[in-house]
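Please look at the model shown here and follow the notes on its pocket and on one pair of its helices.

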Amino acid sequence: MIKNQIEILAKYADAFRDLVNDRVWAGDDSPKTLLRLNDDSDWDFICVAMDVVGDASLAIDHFLRFGLDGPTRYNDTGEKYLRLYGLLSAVYIQQEATLKLYSLMNCPNPKDIKSEFNQLEIRTLRHQLASHSVDFITSRDEKPQAFVPVRIDLGGFSCTVTENRGGQNRTIKLDEAIVEHCKTVISVIDRTYEKSITTFFRGQDKKIKEFKKKLEDLRFERDGNIIIRRPDETKSEIRIFFTKPTT
């Protein structure tokens, strides 16, 4: 399941890049005109954001395969910290890049997307451990708090966090937190992709139909099903649909 989520996220990211490239390469106008952007510089941000989403997925995938301990036979505490802080940075910049794409595509209510990300446990952990360890606050009226990972419990996919040095502890299963992160990012890219189809190809019914079909395929696999395509020109495929057993 874990591997599947990051694979689906990567597929969505690649599909969105293909959507953008198809529109930009098909015309002689500027990306601003073809993508209906608000500013010429928005094209640069789109390119960078797409790269960040993809690069962060590689980092997250590596973590899901090797955990905090890494692909080494040594029990190295320093590597565990590097991998913890690296993971938290990767998920954060991926969320921010996804939010940037959503905003640049003029999708509705970007503040709601920020709220979705803020509710994720992995994002809170990033703020507490990899950004605001000694000055974390949840609102302007609250006093700053301090957070630190418990070294003796740092390993595999487990991270125990203590509040204010010896205060309340909580243990986070990082692999489970990443699954929720991936689901949310996938959901945001899905909405961005859907909105962009009609924005990019307004009046081009054939193109709209083509990319809506691709979105349907993405959603089919996102929902836990499988598409197996033959590597030839027949365009034949097998679709495996999973359903709950009847009682």
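H8 gives the most to the lining of the largest pocket, with seven residues. This is a predicted model, in which local features need pLDDT of at least 70 and side-chain atom pairs count only at pLDDT 80 or more, while totals for chains, interfaces and linings use all residues. Residues are numbered from 1 along each chain as its sequence is written, and side-chain values use heavy atoms, with hydrogens and water left out.

**The largest pocket**

- Helix H1 (2–25), helix H8 (205–222) and strand S4 (226–229) each supply at least two residues of the lining.
- Helices (H or I, at least four residues) and strands (E, at least two) are DSSP runs, numbered from the N terminus.
- The volume of the largest pocket is about 310 Å³.
- Ala15, Lys214, Asp217, Leu218 and Arg229 are the closest to the pocket's centre among its 13 lining residues.
- The lining has five nonpolar, no polar and eight charged residues.
- Ala, Val, Leu, Ile, Met, Phe, Trp, Tyr, Cys and Pro count as nonpolar, Asp, Glu, Lys and Arg as charged, and the others, Gly among them, as polar.
- On a 1 Å grid over the protein atoms alone, a pocket is an open set of points where a 1.4 Å probe fits, with protein on both sides within 12 Å along at least five of seven lines, and lining residues have an atom within 4 Å of a point.

**Helices H4 and H5**

- Helix H4 (residues 77–104) packs against helix H5 (residues 110–118) at an angle of about 165°, and their axes are 10 Å apart.
- H4 and H5 are therefore roughly antiparallel (angles over 145 degrees).
- Contact (heavy atoms within 4.5 Å) involves residues of H4 including Leu99 and Tyr102, and residues of H5 including Ile113 and Phe117.
- The residues of this contact divide into five nonpolar, three polar and two charged.

Key: Axes are lines fitted to C-alpha atoms, for helices over the stretch in contact, and angles run from 0 to 180 degrees between N-to-C directions. Angles under 35 degrees count as roughly parallel, over 145 as roughly antiparallel, 65 to 115 as roughly perpendicular and the rest as oblique. Grid points are joined across faces, edges and corners, and a volume is the space filled by probe spheres set on the points.
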